[in-house]
Amino acid sequence: MPSGKVRFKARVIDQYDHRYIGYLPQGAPTSPMLANLVMRDIDVQLAAIASRYELRYTRYSDDINFSTTENFSRDKAHELIQRVAKCLIKKGLGLNKSKTTIAPPGAKKLVLGLLVDTAKPRLCHQFKDRLRQHIYYIERFGIEAHAQRRAFDTTAGFIRHIKGLLDFAYMVEPAYALDLTERLQVAVFSWDDSFVI
């Protein structure tokens, strides 16, 4: 038996190929807690900036929002963005300019895929259309055919995906989600009565 150290070749998941070993994939159960730990001091600073501008600061993971029901000029908004960018840079983070938007009073306000321009959040039209389309194709062609068409490895995985979308919809618009869940149950059962939704 040869002596010396045993060398193992590092296995890298193609989707998460990164020059640093130890890179965490998105969506891990630890992600929200890690994001909160990283952002803890930054939250305090950004909340102070928001207070200076008389804005409300909210954050979910790495999605940062500042909002107000009062008049807020575009110049002030640009000034705010610069202050936030400087705060993030000091902590080794950066602002994603392609996702940074200023929504004027009459514009559609979309946060984390939800419309937030009324008293209660609502599902956006794109989300509803995508979910309705899934149900329609399952009704028309069956769950297995639609899962294959959407390139899912397994039908069970595709059902879990649809259920995840429906669970999200239930949190925001329960009546809408209930209607689609009932349609899904009927559609899946009519094609294969061994599936349980």
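**Exercise 1. Find where Glu173 sits in this predicted model, and decide whether Glu173 is buried or exposed.**

Step 1: Start with the place in the chain. Glu173 belongs to the loop between α5 and α6, the latter covering residues 174–191.

Step 2: Now look at the accessible area. The relative value for Glu173 is 16%. Buried means under 20%, so Glu173 is buried.

Step 3: Finally, list the neighbours. Setting aside residues up to four places away in sequence, Glu173 touches Arg122, Leu123 and Lys128. Keep Lys128 in mind for the next task.

**Exercise 2. Describe the surroundings of Lys128, and say which side chain joins that of Lys128 in a polar contact of 3.0 Å.**

Step 1: Locate the residue. Lys128 is part of helix α3.

Step 2: Check the burial. Lys128 has a relative accessible area of 17%, so Lys128 is buried.

Step 3: Collect the contacts. With neighbours within four places in sequence left out, Lys128 is in contact with Leu123, Glu173 and Tyr176.

Step 4: Pick out the polar partner. The side chain of Glu173 is the one joined to that of Lys128, at 3.0 Å.

Step 5: Compare sequence with space. Lys128 and Ala169 are 41 residues apart in sequence, and their C-alpha atoms lie 8.6 Å apart.

**Exercise 3. Work out how far apart Arg130 and Leu165 are in sequence and in space.**

Step 1: Like Lys128, Arg130 is found in helix α3.

Step 2: Read the two distances. Along the sequence, Arg130 and Leu165 are 35 residues apart, while from C-alpha to C-alpha the separation is 9.7 Å.

Step 3: Arg130 has a value of 37%, so Arg130 counts as partly exposed.

**Exercise 4. Follow the side chain of Arg59: which side chain and which backbone oxygen does it reach?**

Step 1: Find the element. Arg59 lies in strand β1, which runs over residues 56–60.

Step 2: Look for a side-chain partner. Asp43 is joined to Arg59 by a polar contact of 2.8 Å between their side chains.

Step 3: Look for a backbone partner. At 2.7 Å, the side chain of Arg59 reaches the backbone oxygen of Ser61.

Step 4: Complete the picture. Beyond its neighbours within four places in sequence, Arg59 has contacts with Ala35, Asn36, Met39, Asp43 and Ile64.

**Exercise 5. Count the disulfides, then examine Cys87 and Cys124.**

Step 1: Remember the term. A disulfide is a covalent bond between the sulfur atoms of two cysteines.

Step 2: Count. The structure holds zero disulfides.

Step 3: Check the burial. Cys87 has 5% relative accessibility, so Cys87 counts as buried. Cys124 is buried too, with 8%.

Step 4: Look around Cys124. This cysteine is in the loop between β5 (122–123) and α3 (125–141). Residues up to four places away aside, Cys124 touches Leu110, Gly113 and Leu115. The C-alpha atom of Leu114, ten residues away along the chain, is 5.6 Å from that of Cys124.

**Exercise 6. Characterise the second largest pocket: how much space lies in it, and how do its lining residues divide?**

Step 1: Take the volume. The pocket holds about 200 Å³.

Step 2: Find the lining. Among its residues are His78, Ile81, Lys86, Leu95, Lys97 and Ile102.

Step 3: Sort the lining. Five residues are nonpolar, five are polar and two are charged.

**Exercise 7. Summarise the whole fold: how many helices and strands are there, and in what pattern?**

Step 1: Count the elements. The protein has six helices and five strands.

Step 2: Along the sequence, the pattern is α-β-β-α-β-β-β-α-α-α-α.

Step 3: Consider burial. Of the 197 residues, 24% count as buried.

Step 4: Consider the contacts. Among those with a separation of 6 or more, 48% are between residues 24 or more positions apart.

Conventions
Residues numbered from 1 in each chain as written. Predicted model: local features only at pLDDT ≥ 70, side-chain atom pairs only at ≥ 80, totals over all residues. Heavy atoms only, no water. 1 Å grid on protein atoms, 1.4 Å probe; cavity = no way out; pocket = protein on both sides within 12 Å on 5 of 7 lines; lining within 4 Å. Points joined across faces, edges and corners; volume = space filled by probe spheres on them. Nonpolar A, V, L, I, M, F, W, Y, C, P; charged D, E, K, R; others polar. Disulfide = S-S within 2.5 Å. Buried < 20%, exposed > 50% of the residue type's maximum accessible area, 1.4 Å probe, protein only. Helix = DSSP H or I, 4+ residues; strand = E, 2+ residues; numbered from the N terminus. Polar contact = N/O pair within 3.5 Å; in protein donor to acceptor, adjacent residues only side chain to side chain. Contact = heavy atoms within 4.5 Å.
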